[in-house]
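Good morning, and thank you for making time for this item.

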Amino acid sequence: MRVPAFFSEYQQAADAELRRVVPDGGGIVQRSMAYTLHAPSKRVRPVLTLLCAELCGGTTPRALPAAAAIEMVHASSLVLDDLPSMDDAPLRRGRPANHREFGEAVAILAAFGLLNGAFGSIARAYEPALAARLGALMADSIGLDGLIGGQAADLLATDQPIDFDMLERIHRGKTGALFVAAATAGALTAGAAGDAIGALSAYAKNLGLAFQIVDDLLDVEGDPVETGKAVREDARKTTFVSFSGVSGARQLARELCDTADRALQPFGRRADRLRQLSDFVAVRSL
C-alpha cells in the first residue's frame, strides 16, 4: 500500500520544521545530527502528532514544534540503537548507520544533541504549563517504561527464550511509548483532555505495536534496497515472527490496527485520516 495521499502536506511541514531546528551544515556533531534526522523517512510519528492535533481542533503550526520534538527523540534512538554496543546495525534509512559515517563518539554526541534539542524546542515553543506537560510526556516515553526500558529488556533477551508477554512488553516500550507520546502531544497542543486523550492513546498504543510487528516481518521478508536497513538482523532475538510465524504475525498486526480503529469511534468520520494511517501501517512495505 502506498503512503496515504494526504501524507505529503504533513511530511513537508514536519521536514521544514526539522530543518529549521537542526539545519544542515555546521560542525561535525550538527552534521551528524542532521544526517540521521533528515534522512528519507515517512515521518509517521510527527504526522500522527499533527493529525491528532487537528482532530482535537488544533492547528498544524501550533503542533509542529511538538511533532518535530517527537521525531528528534525518535532519530536519537535510531543512532543509539545502531551502535556496535547495541544492535550493531550497518544501515539505516538506506545509508550507512550514523556511527559508520561519523564514528561512535560523534554519533553518541549527536544522539544526545537530538534529545537535548527536542526538550529545548518544546520549552521555547509553548507556554510554561504546556511545555512542562509535554516535557514530562517525552521524558516518560524515553525512560524506564519507554525507549530505555524497552531497549534494555531487548538487549537482555538476546540469545534468551522469552514468552509473548515479555516480547510485547519490550516493544510497547521500544516502539509503542513514542507512538503514544506523539498522539498525546498533538492532542495536548489542541487543548484536549480526558476522554479524547484516552481514546487517542489507546489508538496509538495498538498502532505502535502493529508497526513493530510489521518491522519484524520486513526483517524476514524485506529487501534492504526497499527497507533502507539490513534485514535478517534479528536471528538472535525472539520476534513476533519467530513467535507466531509469518502468517500469525500478519494477522496480529491487522488485528491490532482494527483495535486501534475501534478506539476512534468517539470521533466518528472526523478520524478517517487516522484510520487510513492504520491501514497503511498494517500493510506497509517500507
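Let me begin with threonine 60, which counts as buried because its relative accessibility is 16%, under the 20% cut-off. Please bear in mind throughout that this is a predicted model. Threonine 60 lies in helix α4, which covers residues 60–81. Setting aside residues up to four places away in sequence, threonine 60 touches Tyr10, Ala13, Leu50 and Glu54.

Helix α4 is also the place of aspartate 81. Is aspartate 81 buried or exposed? Its relative accessible area is 15%, so aspartate 81 is buried. Beyond its neighbours within four places in sequence, aspartate 81 is in contact with Met86, Asp87, Asp88, Arg92, Gln151 and Lys174. A further distance concerns alanine 97: its C-alpha atom is separated by 9.9 Å from that of aspartate 81, the two residues being 16 apart along the chain.

I turn now to helix α2. Within α2, the residues Ser32, Met33, Ala34, Tyr35, Thr36 and Leu37 are buried. What covers the buried residues of α2? The cover includes α1 (7–21), α4, β2 (95–96), α5 (98–102) and α6.

The pairing of α2 with α6 can be described in more detail. Helix α2 spans residues 28–37 and helix α6 residues 104–125; their axes come within 8 Å and cross at roughly 70°. The two helices are therefore roughly perpendicular to each other. On the α2 side, the contact is made by Ile28, Val29, Ser32, Met33 and Leu37, and on the α6 side by Val106, Ala107, Leu109, Ala110, Gly113 and Leu114. By class, the residues of this contact of α2 with α6 comprise 9 nonpolar, 2 polar and no charged.

From α7, Leu130, Arg133, Leu134, Leu137 and Ser141 take part, meeting Ala177, Leu178, Ala181, Thr184, Ala185, Leu188 and Thr189 of α9. The contact of α7 with α9 divides into 8 nonpolar residues, 3 polar and 1 charged.

Next, the interior. In soluble globular proteins, nonpolar side chains tend to be buried together. Here the largest nonpolar core holds 84 residues, and those with the most contacts inside it are Leu48, Leu200, Tyr203, Leu274 and Leu277. Helix α10, residues 195–221, gives the most to this core, with 14 residues. As for tyrosine 203, leaving aside neighbours within four places in sequence, its contacts are Leu48, Ala260, Asp261, Ala263, Leu264, Leu274, Arg275, Leu277 and Ser278.

Finally, the cysteines. How many disulfides are there? The count comes to 0.

Thank you for your attention.

Technical notes
Residues are numbered from 1 along each chain as its sequence is written. This is a predicted model: local features need pLDDT of at least 70, side-chain atom pairs count only at pLDDT 80 or more; totals for chains, interfaces and linings use all residues. Side-chain values use heavy atoms; hydrogens and water are left out. Contact means heavy atoms within 4.5 Å. Helices (H or I, at least four residues) and strands (E, at least two) are DSSP runs, numbered from the N terminus. Ala, Val, Leu, Ile, Met, Phe, Trp, Tyr, Cys and Pro count as nonpolar, Asp, Glu, Lys and Arg as charged, and the others, Gly among them, as polar. A nonpolar core is a set of buried Ala, Val, Leu, Ile, Met, Phe, Trp, Tyr and Cys residues joined through side-chain atoms within 4.5 Å. Buried means under 20% relative accessible area, exposed over 50%, partly exposed in between (1.4 Å probe, protein chains only). A disulfide is a pair of cysteine sulfur atoms within 2.5 Å. Axes are lines fitted to C-alpha atoms, for helices over the stretch in contact, and angles run from 0 to 180 degrees between N-to-C directions. Angles under 35 degrees count as roughly parallel, over 145 as roughly antiparallel, 65 to 115 as roughly perpendicular and the rest as oblique.
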